[in-house]
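Biologist: I would like to go through this protein piece by piece. Keep it short, please.

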Amino acid sequence: MRRLKITVPDPRIQRIREELATVIDPELRRPITELDMVGDISIPQDAPVQVEINLTIASCPRADDIENDTRAAIQRAIGEDPFEVIVGVMSREKRRALTERLRGSRPKEHPFGKNSLTRVIAVTSGKGGVGKSTVTANLAAAMAADGLDVGVIDADVFGFSIPGLLGMAPGTQPTQVGELMLPPVAHEVKAVSIGMFLQSPDEVVAWRGPMLHRTLEQFLKDVFFGDLDVLLLDLPPGTGDVALSLGQLLPHSEVVVVTTPQPAAADVAWRSGAVAQKTGQRVVGVIETMSPAIGPDGTEFAFFGAGGGEEVARRFAVPLLAKVPLSMPLRADGDAGTPVVLAHPEDPAAIALREAARGLYQRPRGLAGRSLGLSPNE
Ligand SMILES: Nc1ncnc2c1ncn2[C@@H]1O[C@H](COP(=O)(O)OP(=O)(O)OP(=O)(O)O)[C@@H](O)[C@H]1O
């Protein structure tokens, strides 16, 4: 009688697959198994286990991370057994299929339209240099540290400082996979900035409105942020073109107004929020920064006066989410690329910013702050 030969798959292959499903692509934020990055897993006789990994592109900036995580996963699956990881690159067809799959889950326009579950929050100020970008970077880092998926679009053409504030090295750029751009990630925050697309660091951006509009639109459509809980936008100071574009592209976005305590700055800050209201957006809160600080001997330093935040919040009938005192660590940590909420969480400025972040994402959606069109001014 002839014997039927049944080949039983080596159980180690299944264990390796299960462990590889825990390896997350750092840019796409999905398991490499789901992204079709795992090729053949074979166990030749008397030879090490072979596992093939296919990166999305040859110059994948996070290739080392993916390979290291893959090795650790295989080790967890097979212990001391010898193995080999063969790192290759996806074929063009596979890459196209992947980008189509990633785009496929997105609506035709951009993924942050009115049915999106992502909370879009634009951070605006009247004047430049009041601390708006620092506030944005810290809100993003604090929300991400609380476990939210957070993205930032740095649309501040004149002072694109988000990459630096998040510690991204000069020259950091999104990774291009097919037509999609994968935003760099720092402190668990995905960020894309106009500054990442300049030819040289010294290039000055002097764009007219339509160019800014197209850039913002492209960021929203072509940057693959994945499913975000919160998308923060760092707007240029003032009441200009980007705010109007935002009204058209993201009419459901909410707006946080940043001001210093100075009455003159507060008045300009109020104007920038009022423009946002005119384009249908909703002012949801005010953050005062450079607020009075208390020295070690109890002396109060109120270099920029007091009361600006309360005044702007009163005029919009929205909460004053935080008063962020003047703080050396806040400034120094920003310069060093680690937001103060992470580097010095005990600093009074960090405490205030963390409270503002929580106040923002824990807030129910409502009508406060939306212009009801009853009065031309307030
Ligand atoms: N509470 C604070 N204490 C100390 N320094 C602060 C505080 N807030 C902001 N700064 C500092 O003020 C400077 C300007 O801040 P930032 O770049 O965030 O302002 P901005 O409003 O975004 O400016 P721009 O619109 O020109 O980009 C930075 O050096 C920052 O570290």
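Modeller: A definition comes first. A residue is buried if 20 or more other C-beta atoms lie within 10 Å of its own, exposed if 12 or fewer, and partly exposed in between, with C-beta atoms placed from the backbone. This is a predicted model, so local features need pLDDT of at least 70, side-chain atom pairs count only at pLDDT 80 or more, and totals for chains, interfaces and linings use all residues. Residues are numbered from 1 along each chain as its sequence is written.

Biologist: Is glutamine 248 buried or exposed?

Modeller: Glutamine 248 sits in helix H7, residues 241-249. Helices (H or I, at least four residues) and strands (E, at least two) are DSSP runs, numbered from the N terminus. Glutamine 248 has 12 other C-beta atoms within 10 Å, so it is exposed.

Biologist: What share of the protein's residues count as buried?

Modeller: The secondary structure comes to twelve helices and 15 strands. The protein has 378 residues, and the buried share is 42%.

Biologist: Leaving aside neighbours within four places in sequence, which residues does alanine 140 contact?

Modeller: Two residues are in contact if their C-beta atoms, placed from the backbone, lie within 7 Å. With neighbours within four places in sequence left aside, alanine 140 contacts Val150, Val152, Val189 and Leu232.

Biologist: How many residues of domain 2 are in contact with domain 1?

Modeller: The protein is divided into domain 1 (11-104) and domain 2 (119-361), with bounds that come from an automatic or database domain assignment. Their centres, taken over C-alpha atoms, are 37 Å apart. At the contact between them, 13 residues of domain 1 meet residues of domain 2 numbering nine.

Biologist: How many charged residues are on the side of domain 1 that touches domain 2?

Modeller: Ala, Val, Leu, Ile, Met, Phe, Trp, Tyr, Cys and Pro count as nonpolar, Asp, Glu, Lys and Arg as charged, and the others, Gly among them, as polar. On that side, six are nonpolar and two polar, and the number charged is five.

Biologist: Is valine 130 buried or exposed?

Modeller: UniProt, in an unreviewed entry, lists Val130 under "binding site" with Gly126, Lys127, Gly128, Gly129, Gly131, Lys132 and Ser133. UniProt positions use the numbering here, feature names are shortened, and annotations may be inferred rather than shown by experiment. Valine 130 lies in the loop between E4 and H4. It has 23 C-beta neighbours inside 10 Å, so it is buried.

Biologist: And glycine 128: which residues does it contact, neighbours within four places in sequence aside?

Modeller: Glycine 128 is in the loop between strand E4 (119-125) and H4. It is partly exposed, because 13 other C-beta atoms lie within 10 Å. Its contacts, neighbours within four places in sequence aside, are Phe158, Gly159 and Pro237.

Biologist: What is the phi of methionine 290?

Modeller: Methionine 290 is in strand E12. It counts as buried because it has 27 C-beta neighbours inside 10 Å. Valine 130 touches several residues beyond four places in sequence, including Met290. Methionine 290 is not a glycine, yet its phi is positive, about 60°.

Biologist: Why do the buried residues of helix H9 lie on the same side, and what arc do they cover?

Modeller: H9 spans residues 308-316, and its buried residues are Gly308, Gly309, Val312, Ala313 and Phe316. An α-helix has 3.6 residues a turn, so residues three or four places apart point the same way.

Biologist: Which elements do the buried residues of H9 pack against?

Modeller: After H9 comes alanine 317, with a positive phi near 55°. The partners of the buried H9 residues are strand E11 (254-259), helix H8 (263-278), strand E12 (282-291) and strand E15 (320-325).
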